[in-house]
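Welcome! Here is a short tour of the structure shown below, arranged by topic so that you can follow along.

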Amino acid sequence: MSDGINILMYHQVGRFDRLEGAMASHRSTYCRVDRFAAQMAFLKRFGYTVLSMDQVLACVRGEAPIPPRAVALTFDDGYENFAEHAWPILRKHGFPAMVYLIAGLVGRPSSWFERDNRPTPPLMTADRIRQLRAEGCDFGGHSVNHVKLAEQDDATIRREVTDCKSMLQDLLGEPVRHFCYPFGSHDLRAVEACAEAGWTTATTCERSPATTADDPLTLPRKAVAWGDSLFGVWWKIHMKNTPKRPLIRRAAW
């Protein structure tokens with residue numbers, strides 16, 4: 001059983017009754033809104049503590065105890081369907097949520113889907129982001145151009161993580177502290193670039209709970225996929241705790 005913080009990873013939330021063609025090969029980037037509603041009701045009903053990423057940071061730093069049944073809710077890319085479908089459900093339950101924005105694609109289609117012949121749903125506009133921020137939604141960075149950082153040269157990595165921060169801070173008019181590696185792609189260069197840019201946490205796609213042993217800039221997450229039942233989500237939270245590869249940690253950790 002997991003004693004750490006289970007950071008759950010979502011992408012799109014919407015009326016995805018069926019996944020056809022290339023969409024079926026990317027099940028982890030879709031969540032049916034009815035199942036999402038049931039998952040959030042489950043967390044509420046059974047006493048899970050839903051943490052903000054600021055609270056996650058305090059816990060992994062050892063500045064606050066990790067509550068029992070601790071989870072955090074993260075949403076990659078910043079789709080408009082988050083605002084339409086997920087956010088009202090989250091507000092109903094009073095749950096904090098972190099949405100990671102692609103700074104260079106705000107208000108544009110999710111163009112990288114074209115490579116997989118998938119529909120390109122719109123990303124939230126700047127006005128929508130500010131509206132949700134005023135309502136209590138948390139926002140973080142997901143690079144400038146949604147590239148695989150581990151495949152880039154050093155200069156590109158630095159631009160992607162540094163410019164992302166400044167662009168989003170200009171958009172929101174406040175500090176933006178939390179980052180997410182696009183596609184989960186990261187190496188030690190990317191981690192160190194995030195540290196230099198001033199990000200306080202960064203999340204990966206490695207599957208395990210976050211604990212005080214983790215580097216805050218390589219926090220693991222667990223993906224919730226289109227077909228996951230309530231039992232499947234419970235199983236991921238409490239039983240799927242072994243990452244597929246060793247976690248990258250800076251020397252300080």
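A residue is called buried when its relative accessible area is under 20%, exposed when that area is over 50%, and partly exposed in between. Please keep in mind that this is a predicted model.

**Strand β5 and its partners**

- Strand β5 spans residues 70-77 and is mostly covered, with eight of its eight residues buried.
- On one pairing, β5 meets strand β1 (residues 5-10) in the parallel sense over six bridges; here Met9 has Thr74 as its bridge partner in β5.
- Strand β4 (residues 49-51) also runs parallel to β5, joined by three bridges, and Val50 is partnered with Val71 of β5.
- Strand β6 (residues 98-101) runs parallel to β5 as well, with four bridges between them; Asp76 finds its bridge partner, Tyr100, in β6.

**Crossovers around β5**

- A right-handed β-α-β unit is made by β4, helix α2 (residues 53-60) and β5.
- From β5 the chain crosses through helix α3 (residues 80-93) to β6, and this β-α-β crossover is right-handed.

**A histidine in helix α3**

- His85 is found in helix α3, and it counts as buried because its relative accessibility is 11%.
- Leaving aside residues up to four places away in sequence, His85 touches Val13, Gly14, Arg15 and Val33.

**Salt bridges**

- The structure holds 16 salt bridges.
- One of them pairs Arg189 with Asp154, whose closest N and O atoms are 2.7 Å apart. Arg189 lies in helix α6 (residues 188-197) and Asp154 in helix α5 (residues 154-172), so the pair ties together parts 35 residues apart in sequence.
- Arg189 counts as partly exposed at 30% relative accessibility, and Asp154 counts as partly exposed at 40%.
- Another salt bridge brings together the side chains of Arg245 and Glu206 (2.6 Å, N to O). The two are 39 residues apart: Arg245 is in the segment after α7 (230-238), while Glu206 is in the loop between β9 (201-203) and β10 (222-223).
- Arg245 is partly exposed at 43% relative accessibility, whereas Glu206 is buried at 9%.
- Asp214 forms a salt bridge with Arg249, with the closest N and O atoms 3.1 Å apart. Asp214 lies in the loop between β9 and β10 and Arg249 in the segment after α7, so this pair ties together parts 35 residues apart in sequence.
- Asp214 is buried at 1% relative accessibility, whereas Arg249 is partly exposed at 35%.
- Salt bridges that share partners also join Arg133, Asp138 and Glu174 into one network.

Definitions and conventions:
Residues numbered from 1 in each chain as written. Predicted model: local features only at pLDDT ≥ 70, side-chain atom pairs only at ≥ 80, totals over all residues. Heavy atoms only, no water. Buried < 20%, exposed > 50% of the residue type's maximum accessible area, 1.4 Å probe, protein only. Pairing = 2+ DSSP bridges. Right-handed = clockwise from strand over helix to strand, strands pointing away. Contact = heavy atoms within 4.5 Å. Salt bridge = Lys/Arg side-chain N within 4 Å of Asp/Glu carboxyl O.
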